Amino acid sequence: MATPRTHPKVRPYVLTGGRTVTRHRLLVHTLVTVPYYDPGLAAAMLPEARTLYEQARDGCSVAELSALSGLSLGVTRVIVSDLAAAQRVRVHAETYGSPFDRRLLERVRDGLRALA
Amino acid sequence: MPHILIVGAGQSGLQLGLNLLAAGMDVTIMSARTPEEIRGGSPTSTQCMFQPALQIERDLGLNFWEEQCPKLTAQRYNLGLPPDGYPDARQTTGEAAPPWLRTEVTPFTRAIRFTGPWEHYTQSVDQRIKMSSWLAEFENRGGTVIYQGVMTSDLDSLTALGRYDLTIVAAGKGELVGLFDRDASRSPYDRPQRALSCIYTRGMTFDPEYQDWAVSFANIAGVGEFFNMPGLTVDGDGMQPCNILLFAGFPEGPLGFHAWRERLSPTEHLDRIVRAMREYVPWEADLAGDIEITDPRPSLIGGYTPTVRHPIGHLPSGGLVLGMGDVVVANDPITGQGANNAAHSAHIYARHIIDNADGRYDEAWMQATFDDYWNYAKHPTVFTNAMLGQEPPEHVGRILAAAQAGHEAGKPVIAARIAYGYTTPSDLGWMLDPDEANKYLAEVAPEFATPAPANP
Ligand SMILES: Cc1cc2nc3c(=O)[nH]c(=O)nc-3n(C[C@H](O)[C@H](O)[C@H](O)COP(=O)(O)OP(=O)(O)OC[C@H]3O[C@@H](n4cnc5c(N)ncnc54)[C@H](O)[C@@H]3O)c2cc1C
C-alpha cells in the first residue's frame, strides 16, 4: 500500500459571498467570461485558478479553457464552478445539450457488462 | 465545515449528498449524466426498497413517491419444475437453447408456492425518476453539481489540489471501481453468476389468489430466477405504475448470456420475455395477456460479478478516496439487496462524516467507516452469495415445503419470516445454517425438522 502524502489543509478557492442563486451547467461548450478582471486577485490565486481566470478574460468555452490550461475537464469544471460561485467569472446560460461525449457516457452508464 | 466531493449520482451518492447538505455541509456531486439524461435513458435496476431503507429515505424527506408508488404488501414465492421433475444440473453440458429456438416447449409446473406478508410495505420507484428528481433537489437545496464523467486522472488532480476534505466514490459498477482492489476473502465468485434480462411493462393483472400489489419471485429449476416487481416508472413527462419483469439466468442454462446476445428492439425483447414466461412461469404468463412496454427504453440486459472491494482507493499522487455503495459491495440482484445496501451505506457514512466534522478524514477513519458498514453488508452479501447456488441445499428444501404447508393452513409464519429476512438480512442466519434451520423448524413446523430418510 502506498503511503499517502499528507496535504496541508489549505483552501485554495475561498468561496466568498455564499452560493450563487442561478447555477448554470458547465457544458463543454458553455461560455465563461470575466466580468471584471482584478490583477491583485489573480496574483493571490493558486496557479490552477489563476491560469483559468486569466484565460477566461478573452471569453472561452469550458473545453477551450481545459485545453489552454492543460487541466483536465473535470478539474477545469470544479475550479470554474468555484470561481463562478465567488463571482469571479460569469457562466453564460444560453447553451443547451449534453456535456458529454456519447462514448464516454456509454462506458460509465451503469457498468453492466454489455453482451458481446 | 468540511468540503465533501461525491462522485456518482445514484442511490448512495445522492442520498449521502442530500443527507450532508441537511447537516449544513458543503457538498459537490459529480454526475456523468444530467437529470434529463437520467430520466430519458434506460432503466438501471428493479430497485425494490424494503422498509428499513424506505424509512431512511423518509427520515431525510426523500420518499417523494410514497402515495403514487404501488405499496407491495407481500413477497410471493414459487418453485417451478420441469414436468419430469428436478433436473440434474450436472448432466447438462454446453449452452441450453432458449425457448424461441426450440419447437418443443413444455410449460413448467408450480411445485411450491406461498405468500409471505410484510408488516411494512416495500416500494420500487424507477431510479430514472428517483435519481433525476433527487439530483434536481440536491441542486435546489444548495448543493453543487458538476456534470462530468470522472476519470482517475481527475481524482488524482482534485485530491492533490486539496480542494476537498473528503472524496467519496459512489460510481456504481462503472470503470472507477478499478481504483479499489477486490477483497478475495469476501468475493467467492470471479465471473457473473446470472444473465440479467429485465423489461418494464404495463397491463399485467393481479394474481387471482392475491389481489394486491406484491413482489412475485420464482426459482426455476435448471434455469434461474424470475421476478415480477410492481413499481412506479416514467410515462412521457409523467409517471405510471408498472410491472418490472426480470429473468436471472444460469450462465449455461436456456436463459444464459447466449440467449440475450442479439440486439433486440424493445418489442422483440418483450416478446422473448413473454415466451420464456409461458414456459418457465406459466402462472405469471396467465396474468400477462395484455402487457406492453412502458416507454421507448424499457430494457436492461447484462450481468456482473458479485464483488466486495477494499474501500480505500490510492491515487498516483498520494490522494485517498473512499468507496461507497456498489463500488465496495456489489451483490447479485437475485436477492434485491443492492439499492438497499446503497441506502444503508450512505446512511452509515453520513453519520461518520458528520460525527467527524472537526477531525480529519484520514485512512484510519475511512477504514473504520467502511468496517461499520460491513457489519451491516456482510449479512446480505453472505445471503446473496448462498442464493447464487444453482440447487437449494437439503434443509432449504424443507424450509420451503414447511412454508408452503403453513401457507395452506392459513398460518404463514415461516413465509413471513423469510419475507422479513429479505428486509433485514441479519435475521437470516436460521435459513443459512442447517442446524439453526432444524432448531427453528422444530419450534414452528416439527414435521419438517429432520431430513426425510433416503429412498432405499
Ligand atoms: C437488473 C438489476 C436489478 C436490480 N434489482 C434490485 C432490487 O430489486 N433491489 C435492490 O435493492 N437492488 C437492486 N439492484 C441493485 C441496485 O440497483 C444497485 O445496487 C444500486 O443502484 C447501487 O447504488 P449505487 O449508488 O452504489 O450505484 P448506482 O445506483 O449504480 O449509481 C452510480 C452512479 O454513478 C454514475 N457514474 C458511474 N461512473 C461515473 C463516473 N466515472 N463519473 C461520474 N459518474 C459516474 C452512474 O451514471 C450512476 O448514476 C439491481 C440491479 C440490477 C442490475
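Over all chains, the count of aromatic pairs comes to 16, where rings of Phe, Tyr and Trp (its six-membered ring) pair if their centres lie within 6.5 Å, and planes under 30 degrees apart count as stacked, over 60 as edge-to-face and the rest as tilted. One of them joins B:Tyr361 and B:Trp365, an edge-to-face pair with 4.7 Å centre to centre and 70 degrees between the planes. The model is predicted: local features need pLDDT of at least 70, side-chain atom pairs count only at pLDDT 80 or more, and totals for chains, interfaces and linings use all residues. Residues are numbered from 1 along each chain as its sequence is written, chains are lettered from A and ligands numbered from 1 in the order in which they are written, and side-chain values use heavy atoms, with hydrogens and water left out.

B:Tyr361 and B:Trp365 are both buried, a term that stands for under 20% relative accessible area, with exposed meaning over 50% and partly exposed in between (1.4 Å probe, protein chains only). Another pair is formed by B:Phe370 and B:Tyr373; it is edge-to-face because the ring centres are 6.3 Å apart and the planes stand at 75 degrees. These two residues are separated by about one helical turn, because they are three residues apart in helix H9 (residues 363-387) of chain B. Helices (H or I, at least four residues) and strands (E, at least two) are DSSP runs, numbered from the N terminus. Both B:Phe370 and B:Tyr373 are buried.

Ring pairs also link B:Tyr77, B:Phe114, B:Phe217 and B:Phe227 into a cluster. On a 1 Å grid over the protein atoms alone, a cavity is a set of points where a 1.4 Å probe fits but cannot get out, and lining residues have an atom within 4 Å of a point. The volume of the second largest cavity is about 110 Å³, taken as the space filled by probe spheres set on the points, with grid points joined across faces, edges and corners. What is the make-up of its lining, by nonpolar, polar and charged residues? Nine are nonpolar, four are polar and none is charged; Ala, Val, Leu, Ile, Met, Phe, Trp, Tyr, Cys and Pro count as nonpolar, Asp, Glu, Lys and Arg as charged, and the others, Gly among them, as polar. The structure holds four cavities of 30 Å³ or more.

Rings in chain B also meet charges. The charged end of B:Arg128 sits over the ring of B:Tyr200, 5.3 Å from its centre, and that of B:Arg417 sits over the ring of B:Tyr440 at 4.6 Å from the centre. The rule asks for NZ of Lys or CZ of Arg within 6 Å of the ring centre and within 35 degrees of the ring normal.

B:Ser12 lies in helix H1 (residues 11-22) and, with a relative accessible area of 5%, is buried. Leaving aside neighbours within four places in sequence, B:Ser12 is in contact with B:Ala170, B:Met324, B:Gly325, B:Ala342, B:Ser345 and B:Ala346, contact meaning heavy atoms within 4.5 Å. B:Pro282, in helix H7 (residues 282-285), counts as buried because its relative accessibility is 17%. B:Gln47 is found in the loop between helix H2 (35-40) and helix H3 (51-59) and has a positive phi of about 40 degrees although it is not a glycine. At 5% relative accessibility, B:Gln47 counts as buried.

Chain A has five helices and three strands, in the order β-α-α-β-α-α-β-α from the N terminus on. Of its 116 residues, 38% count as buried. A:Leu83, in helix H4 (residues 73-85), is buried with a relative accessible area of 6%. Beyond four places in sequence, its contacts are A:Met45, A:Ala49, A:Leu52, A:Tyr53, A:Arg88 and A:Val89. A:Leu83 and A:Tyr53 are 30 residues apart in sequence and 7.9 Å apart in space, C-alpha to C-alpha. A:Gln87 lies in the loop between H4 and strand S3 (90-91), with a positive phi near 60 degrees. Is A:Gln87 buried or exposed? A:Gln87 counts as exposed, because its relative accessibility is 57%.

Terms used. On a 1 Å grid over the protein atoms alone, a cavity is a set of points where a 1.4 Å probe fits but cannot get out, and a pocket is an open set with protein on both sides within 12 Å along at least five of seven lines; lining residues have an atom within 4 Å of a point.
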